[in-house]
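Thanks for coming, everyone. Please have a look at the structure before I start.

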Amino acid sequence: MDKADIEAVKAANPILDVLRDLGIPAQNNRIRCLKPEGHAHGDRTPSVSVWPDRGQFKCWVCADVKGDVIDLVRLARGCTFREALDYLGRNTFGTAPLPPLRPRPKASPASAHPAPPGPGGDEPSTLQESLPALGSLLRESPPPPPDAEVEDDILRHRVLAALLEACAPISGKVAQYLQKRRIFKRTWDGQRLRMIDDYAGVSRKLEAAFGLADLERAGFFNAAGHLRFYRHKLLFPYLDPQGRAVYMQARAIEADAKPKELSMAGHIPLPYNSRLLNGEPGQIYLCEGVIDTLTLIEQGFPAVGVPGAANFKPSWAALFRNKSVHVAFDPDAPGESGAAKAIEKLQAHGIEARRLTPPTGMDLNDWFRKG
Ligand SMILES: [Zn+2]
């Protein structure tokens, strides 16, 4: 079997069909991880994305759970590459018998994440003896990545998770900064705010885990090899509905710092505090900037935020379904123009949206603190 045959096997086996055949339920192109022992709660909230158009899958947590339909069968059935090909070959050639299956290895903490097969990996030597072409294919062509953009997203999310993990809870000057804005512990804990209190230590941990090249590629380190958030030590993670950080903004707390905020590289996947956008009927306040959003959250208002007035993405409008939206951007020119655009996009989706303007000369933070 040569490379063209393998491509034929893949082409004849759409990944969603293979999942169904394997008895793995997929919902919205997500499945539970094939190595659930590497996850909390056995990956009850599915962590593996499936791309039907490319025939690929990838776990957002486990580095070694990814690939094409052949890898999927290998992982799901605990079989070899060759056995997976035979299994899939039924659909392609109609003649190959079902391979005998090995039992899946039992999970144990020590073997939760074995090294992926590859050069010098765990493929049996008999395979390479009987199928030299396949053996060299295994050595030379690991499964291609889904695509560069998805790979970059995955890298950014992993670095972000590691950064937040290496950071400290809010205290000291950062706590004072927030308290001065009437934002208190209940809110900063609820939103999982963190601070970089040990810049050198955090830098070292990230470098040890990822290496400088990937940290630069992901936009967390600059070209000189330094973590970008030196003065910007207060971190606001953007959490997805599963509570995973998918984006971040960093804020400097010194009055003279410019710019006041630094954003993470890459696209902004969701508004801030988007977990409130659950499709259930209710009021929602749409704020400009994280500090304004936190101010309203502290006061008990259901609030979500955009990083800046011009950052409301058309693709976000649908997330606000069933909500009645009060757009509380700043009463200045960028705020007015951004609010008008956001309202237009929301209304185009049949979502009720109106402008909420604080009295002249007050921003939302002042207004809600006084009110
Ligand atoms: Zn996983």
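First, the ground rules. This is a predicted model: local features need pLDDT of at least 70, side-chain atom pairs count only at pLDDT 80 or more, and totals for chains, interfaces and linings use all residues. Residues are numbered from 1 along each chain as its sequence is written, and side-chain values use heavy atoms, leaving out hydrogens and water.

Now the chain. It has 14 helices and 12 strands. Those are DSSP runs, numbered from the N terminus: helices are H or I, at least four residues, and strands are E, at least two. Of the 371 residues, 46% are buried. Buried means under 20% relative accessible area, exposed over 50%, and partly exposed in between, with a 1.4 Å probe and protein chains only.

On to the cores. A nonpolar core is a set of buried Ala, Val, Leu, Ile, Met, Phe, Trp, Tyr and Cys residues joined through side-chain atoms within 4.5 Å. The largest one has 72 residues, and L163, L178, L286 and F320 touch the most other members. Helix α7, residues 148-166, gives the most to this core: six residues. At least three residues come from each of domain 2 (147-269) and domain 3 (272-371). Those bounds come from an automatic or database domain assignment.

Take L178. Beyond its neighbours within four places in sequence, L178 is in contact (heavy atoms within 4.5 Å) with I170, I183, W188, L193, L234 and I291. Another core lies apart from the largest one; it has 28 residues, including I15 and F57.

Next, R251. It sits in strand β7, residues 245-251. Is R251 buried or exposed? Buried, at a relative accessible area of 15%. R251 also contacts residues beyond its sequence neighbours, among them Y177, E261 and I291.

Last, the rings. There are seven aromatic pairs in the whole structure. Rings of Phe, Tyr and Trp (its six-membered ring) pair if their centres lie within 6.5 Å; planes under 30 degrees apart count as stacked, over 60 as edge-to-face, and the rest as tilted. Y199 and Y230 are edge-to-face, 4.8 Å centre to centre, with 80° between the planes. Y199 is in helix α10 and Y230 is in the loop between α11 and β6, so the pair ties together parts 31 residues apart in sequence. Y199 is partly exposed at 22% relative accessibility. Y230 is exposed, at 57%.
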